[in-house]
Amino acid sequence: MKPIFVRGVSIQFRLTLAIILSVVLLITNQRLDPIRQSLSSVLSPLQYLANVPGVMLDWSAEAFATRNMLEIQNKELLRQQLVISERLQRFEYVRQENERLRALLGSPVYMDSRKMVAEVMEVASDPFRQFVVLNHGLQTGVYVGQPVVDAKGVVGQVVEVSELTSRVLMVSDTSHGIPVRVTRNDVRAIANGTGDIDQIELRHVAKSTDIIVGDLLVTSGLGNRFPEGYPVARVISVSRDDGQNYAVITAQPLAALDRIRYVLLIWPDETKPFTLPADVQGALENTADKAIVTETKPAISEVNQ
């Protein structure tokens with residue numbers, strides 16, 4: 001018969017061993033990054049294999065779609081195309097005007113950076129972490145810290161890269177922060193994730209700061225991580241309680257974080273400055289000089305009188 005009470009390893013020894021192992025892991029954490037990257041590269045084919053049933057299901061749904069469904073989708077896509085085309089026409093005029101103003105100021109015009117469409121392969125199952133896995137990695141030039149957006153706004157940034165896949169930390173994660181500014185008055189702040197996929201917050205904002213419900217938050221460009229001007233969130237609540245040192249401001253991310261399927265990888269460093277041709281720039285400068293002289297002549301004549 002086995003004894004009822006078996007003397008094992010003491011609790012003090014277990015605690016000491018756990019503390020030693022924790023310290024060792026903290027010290028060697030950065031040195032384990034190459035090992036993690038190698039393991040992720042080895043497991044990437046398994047992620048593709050696990051994604052096969054979903055791909056097959058989507059293909060089956062598209063293959064057996066009825067004619068009526070296809071006609072409805074076609075009409076909706078045509079409507080969206082017309083709306084987007086009208087917006088692009090207005091934006092093209094604004095872009096050309098912006099280039100002329102930058103040329104007058106002697107500031108270079110930066111063209112669009114390199115972009116690539118990526119597909120979401122996996123969503124985090126950990127309720128305390130919010131990230132997705134994409135089907136692009138080192139082979140296509142993805143790097144750690146790369147910004148990721150969707151059709152509506154900023155999704156997050158790449159935090160881990162393997163040969164075939166990459167992991168994106170979303171803006172709603174508690175460990176994520178992004179510099180933003182208010183489009184209405186250029187007030188700058190830091191937007192931090194709350195752990196709620198539909199909510200982020202602006203921390204350490206003074207109560208006197210001019211931020212109201214409905215303000216649009218876009219990337220400010222500070223930190224050289226996210227390009228300037230990408231939509232991030234819209235303010236949904238502002239609380240200025242007398243018992244608190246700072247205002248409590250919450251916003252809702254514009255990106256569809258809970259149902260993203262395709263995202264856009266951006267390479268902001270691969271932008272080339274573009275300036276207008278010398279003859280065009282000279283003509284614009286001469287036009288500006290003439291306008292200044294025309295405006296100053298009446299003032300001189302009035303003084304002489």
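**Ground rules.** I am working with a predicted model, in which local features need pLDDT of at least 70 and side-chain atom pairs count only at pLDDT 80 or more, while totals for chains, interfaces and linings use all residues. I number residues from 1 along each chain as its sequence is written, and side-chain values use heavy atoms, with hydrogens and water left out.

**Overall make-up.** I looked up the secondary structure and found five helices and 14 strands in the protein chain, where helices (H or I, at least four residues) and strands (E, at least two) are DSSP runs numbered from the N terminus. Of the 305 residues, 27% are buried, which I take as under 20% relative accessible area, with exposed set at over 50% and partly exposed in between (1.4 Å probe, protein chains only). I then checked contacts (heavy atoms within 4.5 Å): among those between residues at least 6 apart in sequence, 60% join residues at least 24 apart. The accessible surface comes to about 20,900 Å², and carbon and sulfur atoms hold 59% of that area; the areas come from the Shrake-Rupley method with a 1.4 Å probe, and for residues only the protein chains shown count as cover.

**Nonpolar patch.** I noted a nonpolar surface patch formed by Val 42, Leu 43, Leu 46, Leu 49, Val 52, Met 56 and Trp 59, together exposing about 740 Å² of accessible area. Patch members have over 30% relative accessible area and no salt bridge, and nonpolar side chains (Val, Leu, Ile, Met, Phe, Trp, Tyr) are joined within 5 Å; a salt bridge is a side-chain nitrogen of Lys or Arg within 4 Å of a carboxyl oxygen of Asp or Glu. Helix H2 (33-50) and helix H3 (52-63) each supply at least two of the residues, and H2 gives the most, with four. Met 56 lies in H3 and is partly exposed, at a relative accessible area of 48%.

**Barrel.** I traced six strands that close into a barrel in the order S7-S8-S9-S12-S11-S10, with antiparallel pairing; two strands pair if DSSP finds at least two bridges between them. Strand S7 (residues 177-182) and strand S8 (residues 188-193) pair over five bridges, and Arg 181 has Arg 188 in S8 as its bridge partner. In the hairpin of S7 and S8, with five residues between the strands, Asp 186 takes a positive phi near 65°. S7 also pairs with strand S10 (residues 216-219), in the antiparallel sense over three bridges, where Val 180 is partnered by Thr 219.

Technical notes
Patch = residues over 30% accessible without salt bridge, like charges linked within 9 Å, V, L, I, M, F, W, Y side chains within 5 Å.
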